[in-house]
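Here are my notes on the structure you sent. Please read them with the model open beside you.

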Amino acid sequence: MTLQQEIVGNAMQMAVVNLNPGQTVYCEAGKFLFKTANVTMETRLSGPSDGDRRQGGQGGGMGGMLRQAMGTAMQVGQRMLAGESLAFQYFTSQGGEGTVGFAGVLPGEMRALELDGARAWFAEKDAFVAAESTVDFGIAFQGGRAGMSGGEGFVLEKFTGRGTVIIAGAGNFIDLNPADFGGRIEVDTGCVVAFEEGIQYGVQRVGGLNRQGVMNAVFGGEGLSLATLEGNGRVILQSLTIEGLANALKKAQGGDKQGPAGGLFSTHAG
């Protein structure tokens, strides 16, 4: 069943979700805004695939409890490694229809993605806001060696299953398909919000070890890496990066940490 939701607002959007009796939606801890009185709230460490579905009668007894505990521990460990929230909040409507409100943590847009079970979606860290209990939340590691060494784009959120998932980003969104631009686009690593399974995601160095490559990295403000997106599928980019917002706020407070030479010599604390 498709989640009944409406995204409202402009500079700081929010999602208002209408739940049918017995329907459950879950969110990352800290992104809940409000609910009607007939909607129950429960905080768990487990994701929906490790919680709701096993409560349906799979794997009973001591062995089932042990497997469930180990699965939950692995999920929590992955989220901890990725710097994500350790817990999820679950909301279920009781005795009639209910309403729940969610929002992201930065000024910007939100988007509802519909999963049909055929293709997964990947998103940047902290993009996840809420989803139906039929959607699985996981952690994916992509970007190769450049992603690991550059610290960009290596850890991604992964959504599988069927149903609606709501994501949020900073600034305004633009939808692109690399196939419309020769099959490949290169973007600032902080601009990637989400993309469909089938898109090849990577991180590459900016230029070579020559004069222009050094000029791009030192004075271009992009640091040493760019994200690459190849293939045929949907890509969502954002106009505002978290690093750009942080630097603008620091500069407004009289503490510009970017430095006169741009990205390479940035001295802000990550």
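1. Start with phenylalanine 173: its bridge partner in β18 is glutamine 238. Strand β13 (residues 173-176) and β18 run antiparallel, joined by 4 bridges. Strands here are DSSP E runs of at least two residues, numbered from the N terminus. Two strands pair if DSSP finds at least two bridges between them.

2. This is a predicted model: local features need pLDDT of at least 70, side-chain atom pairs count only at pLDDT 80 or more, and totals for chains, interfaces and linings use all residues. Residues are numbered from 1 along each chain as its sequence is written, and side-chain values use heavy atoms, leaving out hydrogens and water.

3. β18 also pairs with strand β15 (residues 192-196), again antiparallel, over 3 bridges. Here phenylalanine 195 has valine 235 of β18 as its bridge partner.

4. In a regular strand, side chains alternate between the two faces of the sheet. Strand β18 (residues 235-238) is covered on both faces. Val235 and Leu237 are buried on one side, Ile236 and Gln238 on the other. Buried means under 20% relative accessible area, exposed over 50%, partly exposed in between (1.4 Å probe, protein chains only).

5. Cysteine 27 is buried, at 0% relative accessible area. Cysteine 191 also counts as buried, at 17%. How many disulfides does a search of the whole structure find? The count is 0, taking a disulfide as a pair of cysteine sulfur atoms within 2.5 Å.

6. Threonine 99 lies in strand β7 (residues 98-103). Beyond four places in sequence, threonine 99 touches Val16, Val17, Asn18, Phe34, Lys35, Thr36 and Val39. Contact means heavy atoms within 4.5 Å.
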